[in-house]
Amino acid sequence: MCGIVAYIGHRDACPIVLKGLKRLEYRGYDSAGVALLDSSKEMKVYKKTGKVADLENEIGSRDTSAFTGMGHTRWATHGAPNDVNAHPHLSGDGEFAIIHNGIIENYGALKEMLKKRGHEFKSETDTEVLIHLIEEVYKNNPVTFEEAVRMSLTQVVGAYAIVILSKKDPNYLIGAKKGSPMVIGIGENEHFIASDATPIVEYTRNVVYLNDGEIAIIEGSELTIKTVDNTIKPPYITAIEFNLENIEKGGYEHFMLKEIYEQPRSIMDSFRGRIHLPDARITMAGIDKYEDKIKNIQRIVIIGCGTSWHAGLVGEYLFEDLARIPVEVEYASEFRYRNPVIGENDFVIAISQSGETADTLAAIELAKSKGATIFGVCNVVGSSIPRTTDAGAYTHAGPEIGVASTKAFTAQVTALILMALSMAQKKGTISTQRLREILNEMETVPEKIERVLKTDDQIKELAATYKDAKNFLYLGRGYGFPVALEGALKLKEISYIHAEGYPAAEMKHGPIALIDEEMPVVIIATQHSNYEKVVSNIQEVKARKGKIIVIATEGDTHIQEMADHVIYIPACEEVMLPLIATIPLQLLSYHIAVLRECNVDQPRNLAKSVTVE
Ligand code: AGP
C-alpha cells in the first residue's frame, strides 16, 4: 500500500518520478504528490487527490526542473483521501519533506509531545508527525540532517519506507526502511529509490534491496548504507530479474487480461527446471534441504491472505491427498492474533504474491518465534517474505500488476503441486508410476489453458447476459471448492457484484435460500471424484430456478440438459483442476467488470500489496 519513488542524479527528476509513480499506482491510487528540489534550495511540492494523471494535470506546464525529486501514490490509512493528507508532507518550517509507506503506530503519542512543543499539524496523517519529529530533533541537537533522521527513527514504532529531502542539503536523498519494501537503483552517477524495482528497470538493472532497520544515504552520486544504530553496511548489489516488457500492457487493454493470457507461460516457467520426467524426479532446493524433517513431519500449517489463502486451500487438499500429511490453512490475519499451538515439529508454508503482506509477515514472525520451520512461496524476488523465511520457492509468474491476482494464483498452485509431489516421493506415499503420470500431465497444462483461453468470446457473451446481476453464487466440491472461492473473489473485487463461494453440498445449509430466477450460480462440475454429487447439487439449484453456469469437462453432453450455459475445459487429472478451471472464472469476472465500466486494474478501495494490517 502506497508507492514511493525518488531520484537523484543528472537527469530531470520530475518525469522520472511521475513515470515511476504510474508504475507503482497499483499500490494505491487515492492521491499522488511530488516534491522537487533544485540547487537553488527551492522545494516545489505538488499534490492532488486521485490518480497520477490528476497530479499531472495539476502540475500542468509549471516549471518542475530539478535533479532531485520524490513522489508518492497513496492508499489512505490515517486521514481521508484528500489534497491535504496527500504526500509529500513538510516539516513546520518547510525545510524537510517526507514520503512514507507504512504506519507509524505511536504517532498519537509523538504528536501530543510535539504539539506541547509548539508544532502545528495540517493533515491527519501519521507521516506528518514523523517529519515534524525530524525537524524537532534537528533543531534541538547539534546534528546533521542524516543524524536527525537516524535519531528520530529510534523513537518510532511501526512500519515505514520513507524518503526525506532537506532544503538545507539539496544534494542529499535519504531513505529508510522497516517493515515496508524499499529498493535502491544504482545507475551511472544517479540513484533511484522505489517500493519495488518496476520504476527502476528502465534505467538500470543494478539494485540493492534495503533490509529492515537500514538507512540509505545518497550524497551526490555516493550511496552509503547504515543501520539505525550507525553501523555502515556494504551494499549488496543484485540484478533485476524482469524486463521492461514484463511490466507494460503489450497491446492488451488491461494488465489483468494480459496476465490471464500469460498463464500458459507463467505456469510453464513455474515448473520448468523443477521437473525431470525421465527419472520422475522433482528438484526444489528448499524442499530437498528439509528432506529429513519432511519424512517425519507431523503437520503443515499454511498461511496467507485473499487469493494466496485460496491457493493454500488447494495446498491442503494436495498435501493430504498426495503426501498424507495433515494440513491446516489459516488466514494470516487470524493466526497472528490467536494463540496458535505451533512448535518445532511444524512446517509452515507462507504464500504471498507480493511477499510484503503485513499480516502474513507478522504470522511468519509468530510461527518463527515458536520454533517452526518456515517455507515461503512468493512471486516477488527480494521481497520481505522470502528474506524472512528459512527456505522457499519462487513462483516465477513474473510481475503481476493488475490488483486482481490471476497468474500469481496459478503459479502458486503449480509450486504447491510440485511441493506436494516432492514430499510424497520423499515420504514414499506415491508410486513412481503415479508420480510420472502426474508430471506428464503437468507438462500438458499450458496447452490445455491455451484451449480454455479460446472460449473467451463465449465467456464475453455470458458476461453480457449477467453483467447486471446483483449477486452470484459459486459452488464446487473437492479441488473445485477453492476454485469457487477464487471465482467469487475475482468477481466481487473488480465488478463490485456481491458473490459468494461455497462448497456445493453446504448450499442446502443456508445459501439455497438465496436462489431464485435472478441468481446466477456458477458450478464447477468436471468429471472427477465428486461429479455425481455435484450433478445432484445442480439439480437442487435448477429446482429453485437458479441460472446455472457450469464449468464442465469437454465431451460431457449430459450436463447440457441441466445447465443454462456450459463452459467446457479439457479433461485433466483432478489435482490440476484448479489450474484449468480457474481460467474461465477469471475471464468471466474480467468481462463483467469491463462491461460495467469498472476500473479493472485498479478497483476501488483496494491495493495490490497490503502492507498494513
Ligand atoms: C487478490 O485478487 C487480491 N487482490 C488479494 O486478495 C491478495 O491475494 C491478498 O491481498 C494477498 O496478497 P499477497 O499474495 O501479495 O500476500
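Modeller: Let us begin with two strands, β2 and β3, which pair in the antiparallel sense over seven bridges. Helices (H or I, at least four residues) and strands (E, at least two) are runs assigned by DSSP and numbered from the N terminus, and two strands count as paired if DSSP finds at least two bridges between them. Within this pair, leucine 37 stands opposite methionine 43 in β3. Please keep in mind that the model is predicted: local features need pLDDT of at least 70 and side-chain atom pairs count only at pLDDT 80 or more, whereas totals for chains, interfaces and linings use all residues. Residues are numbered from 1 along each chain as its sequence is written, and side-chain values use heavy atoms, with hydrogens and water left out.

The two strands belong to an open sheet of eight strands with antiparallel pairing, whose order is β3-β2-β4-β1-β10-β9-β11-β15. Its edges are formed by β3 (43-49) and β15 (237-239), each of which pairs on one side only. On average, neighbouring strands of this sheet are turned by 20° against each other, direction ignored; such angles run from 0 to 180 degrees between N-to-C directions, and the axes are lines fitted to C-alpha atoms, for helices over the stretch in contact.

Two helices pack on this sheet. Helix α1 (residues 13-24) touches β1, β2, β4 and β10 (191-194), and its direction makes about 155° with that of β1. Helix α2 (residues 52-59) touches β2 and β3, with its direction at about 130° to that of β3. Contact here means heavy atoms within 4.5 Å.

Now look at β4, which the order of the sheet places between β2 and β1. As background, strands of a sheet pair through backbone hydrogen bonds, either parallel or antiparallel. On one side, strand β2 (residues 31-37) pairs with β4 in the antiparallel sense over seven bridges, and valine 34 stands opposite glycine 71 in β4.

How many of the seven residues of strand β4 (residues 68-74) are buried? Seven of the seven are, so the strand is largely enclosed by the rest of the structure; buried means under 20% relative accessible area, exposed means over 50%, and partly exposed lies in between, with a 1.4 Å probe and protein chains only. In a regular strand the side chains alternate between the two faces of the sheet. Both faces of β4 are covered, with Thr68, Met70, His72 and Arg74 buried on one side and Gly69, Gly71 and Thr73 buried on the other.

Glycine 33 lies in strand β2, and it is buried because its relative accessible area is 0%. Leaving aside its neighbours within four places in sequence, glycine 33 is in contact with Leu21, Tyr46, Lys47, Leu55, Met70, Gly71, His72, His87 and Pro88. Of these, Met70, Gly71 and His72 are among the buried residues of β4. The C-alpha atom of glycine 33 is separated by 8.7 Å from that of threonine 49, which is 16 residues away along the chain.

For contrast, consider a second sheet, in which five strands are arranged in the order β24-β23-β25-β26-β27, open, and with parallel pairing. Its edge strands, β24 (498-503) and β27 (565-569), each pair on one side only, and here, too, the neighbouring strands are turned by 20° against each other on average, direction ignored. One of its pairs is formed by strand β26 (residues 547-553) and β27, which run parallel and are linked over five bridges; isoleucine 551 stands opposite isoleucine 567 in β27.
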